[in-house]
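Please look over the sequence and the model below before reading the notes.

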Amino acid sequence: MASRAGPRAAGTDGSDFQHRERVALHYQMSVTLKYEIKKLIYVHLVLWLLLVAKMSVGHLRLLSHDQVAMPYQWEYPYLLSIVPSILGLLSFPRNNISYLVLSMISMGLFSIAPLIYGSMEMFPAAQQLYRHGKAYRFLFGFSAVSVMYLVLVLAVQVHAWQLHYSKKLLDSWFTSTQEKKRK
């Protein structure tokens, strides 16, 4: 075997790598998908912390009502959306299929459902803002409904990609499990 600086092994031109072992595709996919899901979880964590900060400032009245409005009703159940993210992170070290499935199911219940409810709850205020130009809730001088719809759209995208990658990861883990059973 040749060292980095030394000569190539005798009798080879470097094209004999075909026979060497490679990492199986489902293991490569597993690592890549875990990385992508972790990035999405961290983005979700930032959104979640911003929402917690907004709600805390609103309830504790640290700023005037003109600066930070009281939270919408959908924001309270959305606080539970951290649970699916924690379950997802707990499923990664040992490829725990049960935790990943629980994460996907609870994401629909604690993340997607409050976002759907939030879009319906804020719709009349958004309609009034765009038809008549009147807003009654504000976040630092901006219309609260506009800012919260922006957060809502971003959160929907994060959770949708997280569900998509989780499903692909689950399929990858099932492939790995099925290959082990055949041997």
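The notes below begin with the overall fold and then move to packing, the core and individual positions.

This is a predicted model, in which local features need pLDDT of at least 70, side-chain atom pairs count only at pLDDT 80 or more, and totals for chains, interfaces and linings use all residues. Residues are numbered from 1 along each chain as its sequence is written, and side-chain values use heavy atoms, with hydrogens and water left out. The protein has 5 helices and 2 strands, where helices (H or I, at least four residues) and strands (E, at least two) are DSSP runs numbered from the N terminus.

**Overall fold**

- Along the sequence, the elements follow the pattern α-α-α-α-β-β-α.
- The protein has 183 residues, of which 32% count as buried; buried means under 20% relative accessible area, exposed over 50%, and partly exposed in between, with a 1.4 Å probe and protein chains only.
- Among contacts between residues at least 6 apart in sequence, 74% join residues at least 24 apart; contact means heavy atoms within 4.5 Å.

- Two packed helices are described by the angle between their axes and the distance between the axes.
- Axes are lines fitted to C-alpha atoms, for helices over the stretch in contact, and angles run from 0 to 180 degrees between N-to-C directions.
- Helix α1 (residues 25-60) and helix α3 (residues 82-91) have axes that come within 10 Å and cross at roughly 150 degrees.
- That makes α1 roughly antiparallel to α3; angles over 145 degrees count as roughly antiparallel, under 35 as roughly parallel, 65 to 115 as roughly perpendicular and the rest as oblique.
- The α1 and α3 crossing is left-handed, a term used if the near helix is turned anticlockwise from the far one by less than a right angle, with right-handed used if clockwise.
- On the α1 side, K38, I41, H44, L45 and W48 meet I82, S85 and L89 of α3.
- By class, this contact of α1 with α3 has 5 nonpolar, 2 polar and 1 charged residues; Ala, Val, Leu, Ile, Met, Phe, Trp, Tyr, Cys and Pro count as nonpolar, Asp, Glu, Lys and Arg as charged, and the others, Gly among them, as polar.

**Helix packing: α3 with α4**

- The axes of α3 and α4 are 8 Å apart, and the two helices pack at an angle of about 165 degrees.
- This angle makes α3 roughly antiparallel to α4.
- The crossing of α3 and α4 is also described as left-handed.
- From α3 the contact uses V83, P84, L87, G88, L90 and S91, and from α4 it uses Y99, L100, L102, S103, S106, M107, F110 and S111.
- The contact of α3 with α4 has 9 nonpolar, 5 polar and no charged residues.

**Nonpolar core**

- A nonpolar core is a set of buried Ala, Val, Leu, Ile, Met, Phe, Trp, Tyr and Cys residues joined through side-chain atoms within 4.5 Å.
- The largest such core has 30 residues, and Y72, W74, M122, M148 and L169 have the most contacts inside it.
- Two or more residues of this core come from each of α1, α4 (97-132) and α5 (144-182).
- Helix α5 gives the largest share of this core, 10 residues.
- Leaving aside neighbours within four places in sequence, L169 is in contact with S30, L33, K34, I37, F92 and L100.

- H44 lies in helix α1 and counts as buried at 1% relative accessibility.
- Beyond neighbours within four places in sequence, H44 contacts Y78, S81, I82, S85, V158 and H159.
- Q162 is found in helix α5 and is buried at 1% relative accessibility.
- Apart from neighbours within four places in sequence, Q162 contacts I37, L40, I41, S85 and M107.
- S166 lies in helix α5 and is buried, with a relative accessible area of 2%.
- S166 touches I37, L100 and M104, not counting residues up to four places away in sequence.
- S166 and I37 are 129 residues apart in sequence, with 7.2 Å between their C-alpha atoms.

**Exposed and partly exposed positions**

- E36 in helix α1 is partly exposed at 22% relative accessibility.
- The C-alpha atoms of E36 and W161 are separated by 9.1 Å, at 125 residues apart along the chain.
- R61, in the loop between α1 and α2 (75-78), is exposed with a relative accessible area of 61%.
- R61 is not a glycine, yet has a positive phi of about 55 degrees.
- N95, in the loop between α3 and α4, is partly exposed at 32% relative accessibility.
- N95 is not a glycine either, and has a positive phi of about 50 degrees.
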